[in-house]
Amino acid sequence: MCLAVPMKITNIDGFQCTCEAKGIEREVSLFMLQHEKLERGDHILVHVGYAIQKVSEQDAADSWALFDEVLAADI
Amino acid sequence: MSHSAAERLKSLRALRVDRPVRIMNVCGGHERSISIAGLRAILPDNVELVPGPGCPVCICPEEDVYEAIQLALHEDITLVAFGDMLRVPVNSPKREPRSLEQAKADPARLVVFFAAGFETTTAPVAAMLAEGVPDNLLVLLSGRLTWPAVALLLDSGTPGFDALIAPGHVSTIMGPEEWEFVVDKHDIPAAVAGFTPESLLAAMYSVLRQLGENRHFLDNCYPEVVRPGGNLEARRQLDQVMNVVDANWRGIGIIPKSGFALREAYAAHDARERFRSYADESRKRVGEMPPGCDCAKVVLGKIYPNQCRLYGAACTPRKPIGPCMVSDEGACRIWWSAGYRDNEWEGRKKGSAVG
Ligand code: SF4
């Protein structure tokens, strides 16, 4: 349940942002990352609709490689 | 397995572990990665990976689930709960939790958000309340802190593990420092890990090397996400909205200062305050599980899932008996999904693998 998914920010509106991963768009709250400077194109780690940390593009890609494996295993 | 994971494995194998070592993880996400990557099979024979208390659904006390069900049955409310987060972005382009949208969409209807989870999941609930929610949104909170369960095991004198892999996203919120007591008080090596096989192998390498050199410390093997002090803003919001209180863990009992409760300032959004009559003291049956179910022992790492007599026999994901087979974070469910089919209960009589 503590898993978090890295997503890329495509638009920011106050504490709300739209982000994208694997062609899926979601509305995500940036309320827990008020202290971070975030802009379009940045990657964030998303858990239950909230960004919990900013991550680098490389780390986002590494995590997705793992998720692809998990999803392929259909667990 | 990726190149860097293979390199990590090579250096780990080169360490030559000269005695049996049990490494506990306390995160369903870690256990899932370990099982899928098949790490148990490729580690040195005398290294055991023990899944510990890492599933918030498994330890959510029965009385909380009962209360949520009773509310849904008897009150004119909409009950909302967390789903399986890993699949959500792929299968359903919706935002979670949807409780806020639900409450806004129909202001005349009460929405009760049953929020069970560890720190990672409880912090967003605090953030949601701190930001402000409509009057018709209430929270039935069943939040827990992870470290007190590990402290309970360590204080018991028979923890059943020699090293700890600390949870990555709990530490993202709370800071890695939360796990320092494992080293400082109990002299057990610990490493915070992320969720890739590389990160997990790095953490395993770290604790094995610490044991070999007899130099124990808390290693952060997930520094790209886990920063010193954690997410300070998230911790501030948690503290603003919630108190830390004694809490009941299913099958385990009350663990001091291991749960979250809404502060008085947020009482108007507290489902427990609004629906006091549903809290049923008589359902607090500490230590009780479905007959034959060993979830409590599985959660505490005392046995492996397939050492429960019901594993794969009466209990499968299709017909689960205990919560560990229900939740995607439950060790029994993860092991079954990863293909472990042998029931070792019979073998256990001849000699236990886990202490
Ligand atoms: S196999 Fe089923 S009955 Fe046994 S511990 Fe796991 S969930 Fe409980």
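The questions and answers below go through a predicted model and the terms used to describe it.

Q: How is chain B made up in terms of helices and strands, and how much of chain B counts as buried?
A: Chain B has 18 helices and 10 strands. Of its 355 residues, 56% count as buried. Among contacts in chain B with a separation of 6 or more, 77% are between residues 24 or more positions apart.

Q: What makes the pair Cys55(B) and Cys58(B) a disulfide?
A: The sulfur atoms of Cys55(B) and Cys58(B) are 2.4 Å apart. The cut-off for a disulfide is within 2.5 Å, so the pair qualifies. A search of the whole structure finds one disulfide over all chains. The link of Cys55(B) and Cys58(B) is right-handed, with 80° about the S-S bond. Cys55(B) and Cys58(B) are both buried.

Q: Why is Ser327(B) called buried?
A: Ser327(B) has a relative accessibility of 7%. Buried means under 20%, so the value falls on the buried side. Ser327(B) sits in the loop between α16 (323–326) and α17 (331–337) of chain B.

Q: Which residues does Ser327(B) touch, leaving out those up to four places away in sequence?
A: They are Cys55(B), Val57(B), Cys58(B) and Arg333(B). Cys55(B) and Cys58(B) are the two cysteines that form the disulfide.

Q: Why does Asp328(B) count as buried?
A: Its relative accessibility is 16%, and the limit for buried is under 20%. Asp328(B) therefore counts as buried. Asp328(B) also lies in the loop between α16 and α17 of chain B. Along the chain, Asp328(B) and Val57(B) are 271 residues apart, while their C-alpha atoms are separated by 8.9 Å.

Q: Why are helices α2(B) and α12(B) called roughly perpendicular?
A: Helix α2 (residues 28–37) and helix α12 (residues 197–213) of chain B pack at an angle of about 100°. Angles of 65 to 115 degrees count as roughly perpendicular, and α2(B) and α12(B) are therefore described that way. Their axes are 10 Å apart.

Q: Which residues make the contact between α2(B) and α12(B), and how do they divide by class?
A: From α2(B) come His30(B), Ser33(B), Ile34(B) and Ala37(B), and from α12(B) come Pro197(B), Leu200(B) and Met204(B). By class, the residues of this contact are five nonpolar, two polar and no charged.

Q: Which residues of helix α9(B) are buried, and what covers them?
A: In helix α9 (residues 147–155) of chain B, the buried residues are Pro148(B), Ala149(B), Val150(B), Ala151(B), Leu153(B) and Leu154(B). The elements that cover them include β1 (21–25), β6 (163–166), α11 (180–184), β9 (242–249) and β10 (253–262) of chain B. After α9(B) comes Gly157(B), with a positive phi near 90°.

Q: Which residues come nearest to the ligand, and what is the shell around the ligand made of?
A: There are 13 residues around the ligand, and those that come nearest are Cys293(B), Cys295(B), Cys308(B), Cys315(B) and Cys332(B). The shell has 11 nonpolar, one polar and one charged residues. Helices α15 (295–299) and α16 of chain B each supply at least two residues of the shell.

Q: How do you know that Cys293(B) is buried?
A: Cys293(B) has 12% relative accessibility. That is to be set against a limit of under 20%, so Cys293(B) counts as buried.

Q: Why are Arg16(B) and Lys257(B) both called exposed?
A: Exposed means over 50% relative accessible area. Arg16(B) has 70%, so it is exposed. Lys257(B) has 52%, so it counts as exposed too. Arg16(B) is in the loop between α1 (3–13) and β1 of chain B, whereas Lys257(B) is found in strand β10 of chain B.

Q: What is the phi of Arg16(B), and what is that of Lys257(B)?
A: Phi of Arg16(B) is near 50°, a positive value in a residue other than glycine. For Lys257(B), also a residue other than glycine, phi is positive and near 45°.

Q: What makes Val5(A) buried?
A: Val5(A) has 4% relative accessibility, so it counts as buried, the limit being under 20%. Val5(A) belongs to strand β1 (residues 5–13) of chain A. From Val5(A) to Trp64(A) is 59 residues in sequence and 7.9 Å in space, C-alpha to C-alpha.

Definitions and conventions:
Residues are numbered from 1 along each chain as its sequence is written. Chains are lettered from A and ligands numbered from 1 in the order in which they are written. This is a predicted model: local features need pLDDT of at least 70, side-chain atom pairs count only at pLDDT 80 or more; totals for chains, interfaces and linings use all residues. Side-chain values use heavy atoms; hydrogens and water are left out. Helices (H or I, at least four residues) and strands (E, at least two) are DSSP runs, numbered from the N terminus. Buried means under 20% relative accessible area, exposed over 50%, partly exposed in between (1.4 Å probe, protein chains only). Contact means heavy atoms within 4.5 Å. A residue is near a molecule or strand if one of its heavy atoms lies within 4 Å of it. Ala, Val, Leu, Ile, Met, Phe, Trp, Tyr, Cys and Pro count as nonpolar, Asp, Glu, Lys and Arg as charged, and the others, Gly among them, as polar. Axes are lines fitted to C-alpha atoms, for helices over the stretch in contact, and angles run from 0 to 180 degrees between N-to-C directions. Angles under 35 degrees count as roughly parallel, over 145 as roughly antiparallel, 65 to 115 as roughly perpendicular and the rest as oblique.
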